Amino acid sequence: YLARGKLHFAVDRKSWRLESGHLTITRPWQEHRVGNPHVQASRLHWLILDVGVRRPNQPWRWPSWLVLSPSDLRRLTEMLRHNEQPVWAANAQLGRCFEQLAPLVAAPDPRASQTWLQLRLNELFVALYEMLRSKRVTLDARLTSTRRTVEMFLASLPRHLGRPWTLDEMARECGLARTRFAHYCQRITNLTPAQYLMRCRLEEAARLLRGKQPASVTDAAYACGFSSSQYFATVFRRRFGCRPSDYRARGGG
């Protein structure tokens with residue numbers, strides 16, 4: 001919640017200009033940053049609440065001290081899971097909730113104010129629930145689908161090619177059994193998980209070899225998760241029709 005000032009805010013490569021009274025809501029799988037790149041003079045309050053999720057398809061587990069009724073909590077959860085709009089114009093009630101939390105957190109020993117913290121946090125979530133309900137939030141159940149979780153994992157895989165991935169480990173990252181993960185991977189990419197992983201590794205290796213400062217063949221192989229430069233050369237030639245060293249020498253052309 002931005003109490004004062006103006007800020008640049010980005011979520012999943014989309015940018016917003018925040019102004020006083022704006023509220024942002026992000027989830028663990030949404031890349032976000034404040035500043036462009038610097039943060040101007042401003043006052044920003046934020047709250048991190050762990051509801052036990054790292055993937056969109058996981059059920060949320062709220063803390064036991066939250067006092068919303070079961071039906072209201074289900075509705076709030078549905079609105080937060082099935083709508084990922086990151087920026088909202090907050091109302092005055094939400095603003096007061098953040099302002100009342102600030103001195104409690106800034107106290108020398110916040111643990112001594114635990115009762116008041118829980119009370120103010122409950123007020124905040126009631127205010128959030130009422131605000132979202134008043135806006136008639138558009139909901140999309142596909143945001144919490146298993147397919148989306150697998151799509152997000154596959155999209156992130158090129159950034160983590162150095163890990164020694166196995167089918168079991170890829171499935172575990174998505175919270176799925178290996179057979180179900182393989183099924184979704186095949187439907188999304190038309191490739192088996194092993195084939196998709198290999199394609200990502202080879203494409204990233206090719207990018208490293210043709211860069212402005214080309215990596216060595218060995219460095220490219222190890223950076224992309226190949227444990228043997230000889231095996232790397234074999235599969236690279238099969239994919240690109242030439243040896244990695246020749247590809248590097250001619251800049252990928």
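Predicted model: local features only at pLDDT ≥ 70, side-chain atom pairs only at ≥ 80, totals over all residues.

Visitor: In which sense do strand β2 and strand β3 pair, and over how many bridges?
Guide: Strand β2 covers residues 6-11 and strand β3 covers residues 14-19. Along this pairing, A10 stands opposite S15 in β3, and H8 has R17 of β3 as its bridge partner. The two strands pair in the antiparallel sense, over 6 bridges.

Visitor: Which residue in the hairpin of β2 and β3 takes a positive phi?
Guide: The hairpin of β2 and β3 has 2 residues between the strands. A positive phi near 50 degrees is found there, and the residue that takes it is D12.

Visitor: What is the bridge partner of F9 in β5?
Guide: Strand β5, residues 32-34, is joined to β2 by 3 bridges, and β2 and β5 run antiparallel. Within β5, the bridge partner of F9 is V34.

Visitor: Which elements are included in what covers the buried residues of α3?
Guide: The buried residues of α3 include L117, L121, L124, F125, L128 and L132, and R120 and Y129 are also among them. The cover over the buried residues of α3 includes β4 (22-24), α1 (70-81), β7 (87-89) and α2 (92-105).

Visitor: Is N122 buried or exposed?
Guide: N122 lies in helix α3, and, leaving aside residues up to four places away in sequence, N122 touches W65, L66 and V67. Its relative accessibility is 8%, and because buried means under 20%, N122 counts as buried.

Visitor: Which residue just after α3 takes a positive phi?
Guide: The position in question follows directly on helix α3, and its phi is about 50 degrees. The residue is R136.

Visitor: How far apart in space are R75 and R133, C-alpha to C-alpha?
Guide: R75 is found in helix α1, and, not counting residues up to four places away in sequence, R75 touches Y129 and L139. With 32% relative accessibility, R75 counts as partly exposed, because that class lies between 20% and 50%. R75 and R133 are 58 residues apart in sequence, and in space their C-alpha atoms are apart by 8.8 Å.

Visitor: Which helices do the buried residues of α4 pack against?
Guide: Helix α4 covers residues 146-156, and its buried residues are T146, R148, T149, V150, F153, L154 and S156. These buried residues of α4 pack against α5 (167-173), α6 (178-189) and α7 (193-209).

Visitor: Which element gives the most to the lining of the largest pocket?
Guide: The largest pocket holds about 840 Å³ of space, and β4, β5 and α3 are the elements that give two or more residues to its lining. The pocket is lined by 29 residues, with I25, T26, L47, I48 and L49 nearest its centre, and the lining divides into 21 nonpolar, 5 polar and 3 charged residues. The element that gives the most, with 3 residues, is α3.

Visitor: How many residues in the lining of the second largest pocket are charged?
Guide: About 640 Å³ of space lies in the second largest pocket, and of the 23 residues that line this pocket, W29, M152, F153, S156 and R159 are the closest to its centre. Helix α4 supplies the largest share of that lining, 6 residues. By class, the lining of the second largest pocket has 9 nonpolar and 4 polar residues, and the number of charged residues is 10.

Visitor: What is the volume of the largest cavity?
Guide: Counting cavities of 30 Å³ or more gives 1 cavity. The lining of the largest cavity is made by I25, R27, M79, L80, N83, W88, L132 and V137, which divide into 6 nonpolar, 1 polar and 1 charged. The volume of the largest cavity is about 40 Å³.

How values were computed. Residues numbered from 1 in each chain as written. Heavy atoms only, no water. 1 Å grid on protein atoms, 1.4 Å probe; cavity = no way out; pocket = protein on both sides within 12 Å on 5 of 7 lines; lining within 4 Å. Points joined across faces, edges and corners; volume = space filled by probe spheres on them. Nonpolar A, V, L, I, M, F, W, Y, C, P; charged D, E, K, R; others polar. Buried < 20%, exposed > 50% of the residue type's maximum accessible area, 1.4 Å probe, protein only. Helix = DSSP H or I, 4+ residues; strand = E, 2+ residues; numbered from the N terminus. Contact = heavy atoms within 4.5 Å. Pairing = 2+ DSSP bridges.
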